[in-house]
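Hi,

Here is the model I promised to pass on. Have a look at it first, and then read on for what turned up in it.

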Amino acid sequence: MTQNKKRLSFWQIWNMSFGFLGIQFGFALQGGFMSRIFQTLGADKDAIPFLWIAAPLTGLLVQPIVGYLSDRTWHPKFGRRKPFFFIGAVFSTIALFFAPYSSALWMAAGALWILDASINISMEPFRALVADKLPDAQRSYGFVVQTLIIGIGTWIASNLPLMMTQIGVPNTAAEGVVPDSVKYAFAIGALVLFCSILYTILTTDEYPPEDLEEFEKEKSLKKGFFSGFGEIIRNISEMPTVMKQLGVVQFFSWFAFFTMWSFATPAITEHIFGATDTTSLEYNNAADRVGNYLGTYGLVSMFYALILAFVASKIKINRKLLHMVSLIAGGSGFILIYFISEPWMLHICFSLVGIAWASILSMPYAMLSSSVEPKKMGVYMGIFNMFIVIPQIIAALGGVNFLYKILFGEAVINTMLLAGTLLILAGFSNLLVTDRRATHD
């Protein structure tokens, strides 16, 4: 990739990151409402994490492969990362549209698997594109702009079922049937996902390899499945020290958020609203409101990202310190959910969570991108995803159920105490990162 990278304007960075709006529509609907779909189809609360298992397992395989392939892709018209944006967008759109029409748990779990795998095909090339296009001095700024777009997507998507209900779309249905409000929300999300990624594809150019002849020569020498597989394994074994250190931070962070996505709906509907019958109007109203509260963390992450974007464009920031404080704030928000007495206080709790979410989506990637060879940016961004999916796999295989029950007790609300504790641990784990190139712009 050419090293003479020009500083880009806010709107140029916005255009190349706009596809994240749709990606986050997919993730927010998946994270906020797949557990509700599972419960509607008869899943027990303790079985919900296991139903999520296929998604992170697939990500563990897909991300490094997609990253490796995108590093080795170049077309004068379609570029390097954009073909993967498009492929992921097509399959994500299909999976997102049909997920709420599942009539059995295995169908819903399968839709989640396809959706998560397809989103991952698009997502990490988007991360790599920021590093491809921006000089190091703009990396923090670029990832923060992505986070701003993600925050907008999270807030809108999380509130879609409630919006559907407010305009008269039914939010209850027969036993075992997903309400129309959720179906409409997923359909809108599918449309936004495809159109936003297409917008980035049409408005963004990519830099060619710095030495195209050398690029083609190296690609021909390393062609073939076994050569590629060996190269990925070699890159994993030789990953930069900063990546290993950030991996600890990521492990605790994503275990915490997986716990929230899996258990926020059953935990809050039961603990705060006293609603457990998934066919009742009371439960579905409560579940809509949970989506609204989850939207708060997206909204706050958007405003926090705006502040960070302004600050990062004006002064150099200490990425490590900022990330540590943000994660501790988010962990405190999860813990407060256990202690609040009024539903409106959930907005305060999830505001704190939003601060952590904005930082999770920007600071680790900014730190990592300053420690990786530019020509291996895609594969290392994909490998870095291992530290996102491995904690989710452990959580789904019983880690959440075991830890929250043994540490805090049987009540499902205790999952939020677990999430908070893990996020605070993630915050302090930032102290492991000592390379100044990573921690400072």
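Let me start with Met260, which counts as buried at 0% relative accessibility; buried here means under 20% relative accessible area, exposed over 50% and partly exposed in between, with a 1.4 Å probe and protein chains only. Before going further, the housekeeping: this is a predicted model, local features need pLDDT of at least 70, side-chain atom pairs count only at pLDDT 80 or more, and totals for chains, interfaces and linings use all residues. Residues are numbered from 1 along each chain as its sequence is written, and side-chain values use heavy atoms, with hydrogens and water left out.

Met260 sits in helix α11, which covers residues 241-271. Helices are DSSP runs (H or I, at least four residues), numbered from the N terminus. Setting aside neighbours within four places in sequence, Met260 is in contact with Leu294, Tyr297, Phe334, Phe350, Val353 and Met416, where contact means heavy atoms within 4.5 Å. By C-alpha atoms, Met260 and Ala117 are separated by 20 Å, and they are 143 residues apart along the chain.

Gln250 belongs to helix α11 too. Is Gln250 buried or exposed? Buried, with a relative accessible area of 1%. Its contacts, again leaving out neighbours within four places in sequence, are Pro364, Tyr365, Phe384, Phe387, Ile388 and Pro391.

Gly247 is another residue of helix α11, and at 4% relative accessibility Gly247 is buried. Not counting residues up to four places away in sequence, Gly247 touches Phe384 and Phe387.

**Leu423**

Moving to helix α18 (residues 414-429), you will find Leu423 there. Leu423 is buried, at a relative accessible area of 0%. Beyond neighbours within four places in sequence, its contacts include Ser253, Ala256, Phe257, Leu327 and Phe334. The C-alpha atoms of Leu423 and Lys5 are 36 Å from each other, and the two residues are 418 residues apart along the chain.

**Aromatics**

The structure holds 22 aromatic pairs. Rings of Phe, Tyr and Trp (its six-membered ring) pair if their centres lie within 6.5 Å; planes under 30 degrees apart count as stacked, over 60 as edge-to-face and the rest as tilted. One of the pairs is Tyr297 with Trp357, edge-to-face at 5.8 Å centre to centre and 85 degrees between the planes. Tyr297 comes from helix α12 (residues 281-314) and Trp357 from helix α14 (residues 346-360), so this pair ties together parts that are 60 residues apart in sequence. Both Tyr297 and Trp357 are buried. They also belong to one aromatic cluster, made up of Trp254, Phe257, Trp261, Tyr297, Phe334 and Trp357.

There is a charge over a ring as well: Lys133 lies over the face of Tyr207, at 5.0 Å from the ring centre. That call requires NZ of Lys or CZ of Arg within 6 Å of the ring centre and within 35 degrees of the ring normal.

**Salt bridges**

How many salt bridges does a search of the whole structure find? It finds 3, taking a salt bridge as a side-chain nitrogen of Lys or Arg within 4 Å of a carboxyl oxygen of Asp or Glu.

- Arg36 and Asp288 meet through their side chains at 2.9 Å, N to O. Arg36 lies in helix α2 (residues 19-40) and Asp288 in helix α12, so the pair ties together parts that are 252 residues apart in sequence. Arg36 is buried at 2% relative accessibility, and Asp288 is buried with a relative accessible area of 2%.
- Arg81 bridges to Asp132, with the closest N and O atoms 2.7 Å apart. Arg81 is in the loop between α4 (54-71) and α5 and Asp132 in helix α6 (residues 105-133), so parts 51 residues apart in sequence are tied together. Both Arg81 and Asp132 are buried.
- Glu410 and Lys405 meet at 4.0 Å, N to O. Glu410 is exposed, at a relative accessible area of 61%, while Lys405 is partly exposed at 25% relative accessibility.

Note on methods:
Helices (H or I, at least four residues) and strands (E, at least two) are DSSP runs, numbered from the N terminus.
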